[in-house]
Number of protein chains: 2
Amino acid sequence: MEATKDFKVTLTQNSRLKDITLQNIPFGKCFTDHMLVADYSGGQWHTPEIMPYQALSFEPSLAVFHYGQAIFEGIKAYKAKNGSVQIFRPMDNFQRFNASAVRMQMPEVPEEIFMEGLRALIDLDKDWVPDFENHSLYIRPFMISSDHAIGVRPSENYKFLIILSPTGPYYAKPMRIYVEEKYVRAVPGGIGFAKAAGNYGAALYPSTEAHKKGYDQVLWMDAYEHKYVQECGTMNVFFIIGDKAITPGLEEGTILAGVTRDSVITVLKEMGLTVEERPLTIDEITEAYKAGQLKEIFGTGTAATIAPIKELGYKDFAMLFDVDKWTVAPEVKRRMDAIRYGDVEDRHNWLWTV
Amino acid sequence: MEATKDFKVTLTQNSRLKDITLQNIPFGKCFTDHMLVADYSGGQWHTPEIMPYQALSFEPSLAVFHYGQAIFEGIKAYKAKNGSVQIFRPMDNFQRFNASAVRMQMPEVPEEIFMEGLRALIDLDKDWVPDFENHSLYIRPFMISSDHAIGVRPSENYKFLIILSPTGPYYAKPMRIYVEEKYVRAVPGGIGFAKAAGNYGAALYPSTEAHKKGYDQVLWMDAYEHKYVQECGTMNVFFIIGDKAITPGLEEGTILAGVTRDSVITVLKEMGLTVEERPLTIDEITEAYKAGQLKEIFGTGTAATIAPIKELGYKDFAMLFDVDKWTVAPEVKRRMDAIRYGDVEDRHNWLWTV
């Protein structure tokens, strides 16, 4: 590894890689040898530094602790069959990151810091990308406000970081989902489309209540009438009704514009399905179920790719599915994996080689 | 200062107090010699520690950076005429803090940690309470999630802190306020009633847009119809219409249950006004203005106490006020200050002596 021209690089003197088996590591608890840190102050971004993964020192007055200016992204890198490391659609995450930054009144991160930082960091820690089936390297870029002062205003200082976490296969056990009619995730005019920390913290209580009722997650409804489907836990959601795939549209700004969602729409169309992005009510869903037309429901996201939903509970009515007989969701997952691990040609230019 | 029985106390060896003049310090940038830190892990709170104010070490995977479980309170302590230090209604803030904790799926902080911690910390740093007119010690209790792992779930570890900041007089310059019809602060079923960090970060973009239009803050409207008044910037809001004071009610859970709001309601009633807590539309406000019945508008909060609003802009219509001729807002502020600085008897038991 040469020192990258535009980054200050400090290498670890004590790699932890030799002590770790990269197989079946639980999600989000193990981090690679290095991280990237870039500071924003005085109205500009300064030269990023790649340094050993380490704790940082923050005063208790750190702005993000008090006023929640914090955004993040989730991206995955894969060890392809040819040995190269491939990142899945990072430009899309980069663009969404900056859309989140604008909404949270944070400075946009320049492409050369985000994308070239990603490339340099992963190149340095490429031996941490697991070379096992269904494994990947989870990439977490994030930004926090870092003024050391309390007072409700946009910070003048920010910190952008990228950390990397090798992760084992995500077994998407078919889920039991509950239609949430009381708690609301997002409203038009709010921050639902942004990958802002506050959206996740606000969802934990309703999710925990669903767990107490025996469900894995909630299916969020719209804020106004509690009848239009939004998203599922922290995933976008697709319904296979007849020969169509239906997923809520993005126009209200209340759901996350998932990169996996967009990829799945493309793959579904390639499979010959009609895909509709449009308002979808829980009544239309229950009626389709009763008529035998609701075939499959699945969530989509970076972590799970495709997460089948075996039960959807709406008030006292349980919609049950025999996931083993599904045809669409498994085929979408198979095609997505084939692209990500380089088994088939990447015709959409989704992969970005380190 | 004796070591408090139930707290571990480490005193600073190098007080900064001798280097500081406590007069006219800007808000939120100067902190006292000590802080309180209590850790939650393994399902319980551990013995709090009072230690020198200092930076702490956190890994980049710190949960609050990613998923925004963070809540806070704002309380003020005053140097009374008799020399004692008086805290204004801290039990109310303590109870609201724990209501916020529940909504954000965080552990409630025991009274002996929050209230006795407050007392012990302020007693230790009591020489930091400014002894100048209109000055106070701002108290910032807050809690953050502190797992060192990324993954959307409630943390298992939390950190509760109290930091103290001496502050000069808050000159509540009469404000120009803009009726916000596009962006939304909170919705029923959301976290609007909680003093959660995410509520503040989400409000910064709309506030900045208002600044660009020449306004100081926004007046938030309801999420459904954008016609019912909610709150003003980060303050509750009161309208004096005829001989009544009207302020939005708390029943929807979309506005903060301000401690100052509650105190102002009490004082207004003592002044002989009828106080109505009820839904209030922007149409009712404009009609009252046109009829010459809308006399005063003011925000209420811990920082400003009473913040007069000299202009309310709704679409292209500007409602203008001659603040110098007002009678209600100045009298409320005078009575509130008299209580807080010990000039009159504390008949409501609002003060808590350290």
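Let's start inside one chain: in chain A, the C-alpha centres of domain 1 and domain 2 lie 28 Å apart. Domain 1 of chain A covers 2-169, and domain 2 covers 175-340. Keep in mind that this is a predicted model. For the complex, the predictor gives an ipTM of 0.96 and a pTM of 0.96.

Now look at where the two domains of chain A touch. On one side, 19 residues of domain 1 are in contact, and they meet 20 residues of domain 2. The size of an interface is often given as the accessible area lost when the parts come together. For domain 1 and domain 2 of chain A, that comes to about 1700 Å² buried between them, with 61% of it on carbon and sulfur atoms.

What about charges across this domain boundary? Side chains of opposite charge can pair when their charged atoms come close. Between domain 1 and domain 2 of chain A, the rule finds 1 salt bridge. On the domain 1 side, the elements that give two or more residues are β6 (70-72), β7 (75-79) and α2 (90-103) of chain A. Of these, α2(A) gives the most, with 6 residues. Sorted by class, that side of domain 1 of chain A has 9 nonpolar, 4 polar and 6 charged residues.

Next, step out to the contact between the chains. Here 59 residues from chain B meet 59 residues from chain A. Together the two chains bury about 4900 Å², 67% of it on carbon and sulfur atoms. On the chain B side, P60(B), F65(B) and I150(B) lose the most area to chain A, together 14% of what that side buries.

How many salt bridges link chain B and chain A? The count is 0. Polar contacts are another matter, with 16 residue pairs counted between chain B and chain A. Several elements of chain B give two or more residues to the side that touches chain A, including α1 (63-67), α2 (90-103), β9 (136-145) and β10 (158-167). The largest share of that side comes from α4(B), with 9 residues. By class, the residues of chain B that touch chain A divide into 38 nonpolar, 15 polar and 6 charged.

Finally, back to salt bridges in general. Over all chains, the count comes to 48. One to look up is E49(A) with K8(A), where the closest N and O atoms are 3.9 Å apart. E49(A) sits in strand β4 (residues 49-52) of chain A and K8(A) in strand β1 (residues 8-9) of chain A, so this pair ties together parts that are 41 residues apart in sequence.

Note on methods. Residues are numbered from 1 along each chain as its sequence is written. Chains are lettered from A and ligands numbered from 1 in the order in which they are written. This is a predicted model: local features need pLDDT of at least 70, side-chain atom pairs count only at pLDDT 80 or more; totals for chains, interfaces and linings use all residues. Side-chain values use heavy atoms; hydrogens and water are left out. Domain bounds come from an automatic or database domain assignment. Contact means heavy atoms within 4.5 Å. Buried area is the accessible area (1.4 Å probe) that two parts lose on being put together, summed over both. A salt bridge is a side-chain nitrogen of Lys or Arg within 4 Å of a carboxyl oxygen of Asp or Glu. Helices (H or I, at least four residues) and strands (E, at least two) are DSSP runs, numbered from the N terminus. Ala, Val, Leu, Ile, Met, Phe, Trp, Tyr, Cys and Pro count as nonpolar, Asp, Glu, Lys and Arg as charged, and the others, Gly among them, as polar. A polar contact is a pair of N or O atoms within 3.5 Å; within protein, one must be able to donate a hydrogen and the other to accept it, and residues adjacent in sequence count only if both atoms are side-chain atoms.
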